[in-house]
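Read each task, look at the structure, and then follow the solution step by step.

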There are 2 protein chains.
Amino acid sequence: MSELVAGTAEQLAFLEELTANGLLIPSGVPGVYGRGTAFESLRLALDSLVTRSAIDDVVRVERMAFPPVIPRRQLEAIGYLGSFPHLAGSIFSFTGDEDQAVELAEHAAAHEDWSSFQSQTDLVLVPAACYPSYPAIAARGDLPDGGVSLDLGGSYVFRNEPSSDPARMQMFHQRELVRFGSPDVVADWRQRWCDRALELLRGLGLDAQSDVASDPFFGRTGRMLARSQRSQALKFEVGVPIGGVGPTAVASFNCHREHFSGLYGMSRSDGGEVHTACVGFGLERITLAMLFEHGCDQQAWSTELRAQLEPSA
Amino acid sequence: MSELVAGTAEQLAFLEELTANGLLIPSGVPGVYGRGTAFESLRLALDSLVTRSAIDDVVRVERMAFPPVIPRRQLEAIGYLGSFPHLAGSIFSFTGDEDQAVELAEHAAAHEDWSSFQSQTDLVLVPAACYPSYPAIAARGDLPDGGVSLDLGGSYVFRNEPSSDPARMQMFHQRELVRFGSPDVVADWRQRWCDRALELLRGLGLDAQSDVASDPFFGRTGRMLARSQRSQALKFEVGVPIGGVGPTAVASFNCHREHFSGLYGMSRSDGGEVHTACVGFGLERITLAMLFEHGCDQQAWSTELRAQLEPSA
């Protein structure tokens, strides 16, 4: 079992307030929560707010959705297990006979170890909502003029990092958008989304700041990868206060350059280079930031703030 | 790896039509698909149709949502691994050091077996969307008068059963409702939902029929459990044609009697017995049934049919 990442005193107090109010429902495992009515309504209102902002100045935004599992082979090909082996979740299942099933059930009923009755399947949990979209677009052949702009909605993703910080969930919704096109179009799209996200979050009364960032790569080699990612400004994050020592990232803006287009052999009809970028909003984190900033009782929020979250706003 | 359940010739032809039209997007693993715009819009319209039907004649319907993972300990306690060991998916992760991470990455990059670098976590995939709701309601103490009526929205659930039948997905949305209360209230709620579901599906032009059913229990003991479940009429299903030999189940109506209330120690203030029941709509299956019955081109559907799916209907 992975070690628990402890939250700050303020994060622990916030988690206690959230569960006392029925906003989050503890499951017994750190970082896995049910969501009460008030939390879920706010999360869906924020989801809609992003949907209403999801316009593209070049092409029509296309909607696509993927389940929270992808082929194991795809995670292997992307290189995720080299960079983030500690965060990945792989799916195992039972393939034995009736006698083994009886043994498995006995162990399980006694809460004893039954892992030896499980073998690895062809599936893993999705760690980043955009991953399944790259082979899907590549399979169509040459990109159309102007490229492709995808809205993947809000997808559940998994990160194996049990924590008592309510903002560090093991399974949460990434509200994800992906852009495929020429390097210029893609770079411009990412910059505009970064500006738009700051505006959107500040409009909700959050103290949002953007900064160059890096992914949580594993180990010594990982520290080198993180430095390289920062020096090339491949990742921006927008952070807001949710009781941590510094701001907590609630949105990220990632340029992959030719990483995915090369891996899946994407091409343009004019022969030019294909780049990709993605934008992800952490819906649970933005929901938590709103509750942290404005209080857990949404009925007591200002009329202006609540109007921001209305479908007609 | 589990054996592939082959679809009928008609199911295979339907799957080909669905992918050719971009309604479903193959992932490379049977039973795992992305969803194109037209499929996802229809699925969400059907989701809303259930939401609009989700009224309870006794108490206010409360909304709750859960992620697609639950504590392993909960699956053990429910007895799922005794009844359906073959369908469960458990989550494994890496807990090794830097040297082991290098080895894992090398195996993964070469698409070689890396299962020995994975160990079982505290989490499993949710096989039935209602499972996390029972401990959540039990933790509140005595049920209020009239009991509790929950709408869990559309939740992803996992079943380890790779198949080339497009209606047998490994990960799909259960649109789930759960009722907690006295035996009479719960039995009446289940019966009304069964009637309402038939009306709803027939109103969409589907040839829906209800029947007593049983769960796909594992092995010899499982056949006995299935017979007992049928003889007590604990499970009803509504089926519609989706290219199978008989109808395909698209909704189920399950009475658990005191199974969950006993397990989690639920009680009523008047000391009476607590029963639970759940209703689940397979959203992808209903979406597929609509496309199978009315054709893959939704623009060609009748005005009356399309009006049924409008938010104002």
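Predicted model: local features only at pLDDT ≥ 70, side-chain atom pairs only at ≥ 80, totals over all residues.

**Exercise 1.** Describe the side of domain 1 of chain A that touches domain 2 of chain A.

Step 1. Start with the elements: strand 4 (69-71) and helix 3 (72-78) of chain A each supply at least two residues to this side. Strand 4 gives the most, with 3 residues.

Step 2. Sort the residues of this side by type: 9 are nonpolar, 1 is polar and 1 is charged.

Step 3. Count the contacts: 11 residues of domain 1 of chain A touch 8 residues of domain 2 of chain A. There are also 4 residue pairs in polar contact between the two domains, with both residues at pLDDT 80 or more.

Step 4. Turn to area. The two domains of chain A bury about 840 Å² between them, 61% of it on carbon and sulfur atoms. On the domain 1 side, A:Val69, A:Arg72 and A:Gly89 lose the most area, together 61% of what that side buries.

**Exercise 2.** Describe the interface of chain A and chain B by its area, its polar links and its strand pairing.

Step 1. The two chains bury about 5600 Å² between them, with 67% of this on carbon and sulfur atoms. Chain A and chain B each bring 66 residues to the contact.

Step 2. The chains share 2 salt bridges. One of them joins B:Arg220 to A:Glu98, with the closest N and O atoms 3.7 Å apart. The side of chain A that touches chain B divides into 34 nonpolar, 20 polar and 12 charged residues.

Step 3. Polar contacts link 18 residue pairs across this interface, both residues being at pLDDT 80 or more.

Step 4. Strand 5 (residues 90-93) of chain A pairs with strand 5 (residues 90-93) of chain B in the antiparallel sense, over 3 bridges. Within this pairing, A:Ile91 has B:Ile91 as its bridge partner.

Terms used: Residues numbered from 1 in each chain as written. Chains lettered and ligands numbered in written order. Heavy atoms only, no water. Contact = heavy atoms within 4.5 Å. Buried area = accessible area lost by both parts, 1.4 Å probe. Salt bridge = Lys/Arg side-chain N within 4 Å of Asp/Glu carboxyl O. Polar contact = N/O pair within 3.5 Å; in protein donor to acceptor, adjacent residues only side chain to side chain. Nonpolar A, V, L, I, M, F, W, Y, C, P; charged D, E, K, R; others polar. Pairing = 2+ DSSP bridges. Helix = DSSP H or I, 4+ residues; strand = E, 2+ residues; numbered from the N terminus.
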